[in-house]
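Please keep the model open beside you while you read.

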Amino acid sequence: NSDLILYVNFELVNSETKGRYIVKDALGQGTFGQVAKCWDLESNKYVAVKIIKNQPAYYQQAVVEFSILDMLNKKYDPDDKHHIVRILDYFVFHRHLCISFEMLGSNLYELIKMNHFKGLPLNIVQAFSKQILHALVVMKDAGIIHCDMKPENILISTRLKPPQIKVIDFGSACVEGRTVYSYIQSRYYRSPEVLLGYPYTTSIDMWSFGCIVAELFLGLPLFPGASEYDLLNRMTEILGGQPPDSLLRDAKNTSKFFKHVGSIHRSEHDGTSKGIISAYRILTEDEYESRESKKPAIGKHYFNYVKLDDIVANYPYRKNLSEKEKSKESLTRLALVDFLRGLVEFDPGKRWSPLQASGHPFVTGDPFELPYKPPPESPRIPVMPTTVTVDHNPGGGHW
Ligand code: ATP
Ligand code: MG
Ligand code: MG
């Protein structure tokens with residue numbers, strides 16, 4: 001709250017440890033504490049200082065945030081080319097751990113809001129996608145899962161033109177293969193495997209990334225699930241299909257959302273494919289209600305169309321476009337849908353990696369003709385995820 005800001009301001013300037021930072025403004029607030037815009041008397045620059053709440057769980061997670069970002073900065077991105085926020089320093093102030101970062105500007109949610117929740121022009125969506133992918137490539141190489149990719153955690157750099165963005169908030173990040181928490185990611189951006197309670201990898205960030213790209217274009221979230229049940233229903237409606245049976249079979253929350261309707265068999269009697277093709281179907285609202293003994297929260301629908309392809313194709317064109325520009329954009333929209341399909345892919349094993357997505361015509365600007373077939377992933381030593389269920393959320397969104 002603002003008291004803390006004033007208090008910190010007073011203390012930072014007047015403390016006998018001779019003040020280095022002068023608090024100028026509040027930049028944001030989250031589960032972890034708050035972020036203040038400070039003038040750094042040593043570097044003569046503005047910096048963003050994240051002041052962590054004085055509680056052990058937050059302290060611990062902040063240490064993880066610092067270590068992960070410090071490693072990403074120094075080891076994987078020494079020249080600051082991969083659109084990941086730079087960490088500057090850390091210190092303890094009045095029992096609060098503080099981390100200072102380079103000063104950045106508005107986040108992408110604020111940008112969309114300033115634009116009255118209308119989508120951004122496709123060339124901007126393309127440029128931002130490319131930059132976010134840079135960060136995701138680095139994170140995957142380092143085996144880091146961000147766990148909270150969303151527009152609020154992508155900031156526009158204040159200094160550079162054309163605008164550049166940076167990924168921030170590694171406060172929920174973890175190391176691949178050492179995933180501890182099961183309740184992660186902000187709901188709208190939550191991947192099916194996390195929702196269903198299945199071991200997860202860096203590919204959960206690719207799902208969130210797909211949701212972000214769609215939102216940049218549409219101005220509104222693609223899957224604004226008012227509850228996890230609503231979220232899952234929206235995914236199945238908009239994308240068509242559902243998570244693969246292999247995932248549903250092994251995920252620990254499947255029975256919360258799905259009914260087991262039999263084993264997989266493709267109509268043995270007449271040889272056609274009219275038979276059961278999945279052993280599971282999503283529960284109806286009534287079934288969900290009787291099973292979970294609560295009415296599922298169902299949110300508003302923002303789009304006039306149900307399917308992803310139709311939502312994107314029929315999204316209103318900006319007014320000032322000529323016919324020629326419109327027909328060019330309609331092609332780019334086809335590329336966008338194809339791009340999104342590889343990202344918001346139910347099967348984490350089939351979902352594109354950051355490197356695979358980077359080669360897509362929507363990102364490279366190459367002419368788009370056929371559905372993109374990504375090059376195979378270079379084999380990596382597999383890390384076995386060890387998911388332990390801990391129902392505690394250190395900041396994977398406040399939903
Ligand atoms: P959440 O509860 O959403 O996980 P958080 O407590 O982990 O948030 P951050 O996301 O790191 O904290 O920061 C909160 C907000 O503060 C951001 O959304 C952003 O608006 C602002 N902010 C963070 N870092 C910076 C920065 N380097 N420059 C400018 N503003 C920043
Ligand atoms: Mg945040
Ligand atoms: Mg956070």
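Lys-50 sits in strand E3, where helices (H or I, at least four residues) and strands (E, at least two) are DSSP runs numbered from the N terminus. This is a predicted model, in which local features need pLDDT of at least 70 and side-chain atom pairs count only at pLDDT 80 or more, while totals for chains, interfaces and linings use all residues. Residues are numbered from 1 along each chain as its sequence is written, and chains are lettered from A and ligands numbered from 1 in the order in which they are written.

- An unreviewed UniProt entry lists Lys-50 under "binding site"; UniProt positions are given in the numbering used here, feature names are shortened, and annotations may be inferred rather than shown by experiment.
- Why is Lys-50 counted as buried? Lys-50 has 26 C-beta neighbours inside 10 Å, and a residue is buried if 20 or more other C-beta atoms lie within 10 Å of its own, exposed if 12 or fewer, and partly exposed in between, with C-beta atoms placed from the backbone.
- Leaving aside residues up to four places away in sequence, Lys-50 touches Gly-33, Val-35, Cys-98, Ile-99 and Phe-101 (contact means C-beta atoms, placed from the backbone, within 7 Å).

**Strand E3 and its partners**

- E3 covers residues 45–52 and is mostly covered, with 6 of its 8 residues buried.
- On one side, E3 pairs with strand E2 (residues 33–40) in the antiparallel sense over 8 bridges; two strands pair if DSSP finds at least two bridges between them.
- Gly-33 has Ile-52 of E3 as its bridge partner.
- E2 and E3 form a hairpin with 4 residues between them, and Asn-44 in the turn has a positive phi of about 55 degrees.
- E3 is also joined to strand E5 (residues 96–102) by 5 bridges, and these two run antiparallel.

**The whole sheet**

- The open sheet has 5 strands in the order E1-E2-E3-E5-E4, with antiparallel pairing.
- E1 and E4 stand at the edges with a single partner strand each, so one side of each has no neighbour in the sheet.
- Neighbouring strands of this sheet are turned by 25 degrees against each other on average, direction ignored (axes are lines fitted to C-alpha atoms, for helices over the stretch in contact, and angles run from 0 to 180 degrees between N-to-C directions).
- Helix H2 (residues 56–76) packs on the sheet and touches E2, E3, E4 and E5; its direction makes about 155 degrees with that of E4.
- In E4 (residues 87–93) you will find Asp-89, which is partly exposed, with 16 other C-beta atoms within 10 Å.

Methods:
Two residues are in contact if their C-beta atoms, placed from the backbone, lie within 7 Å.
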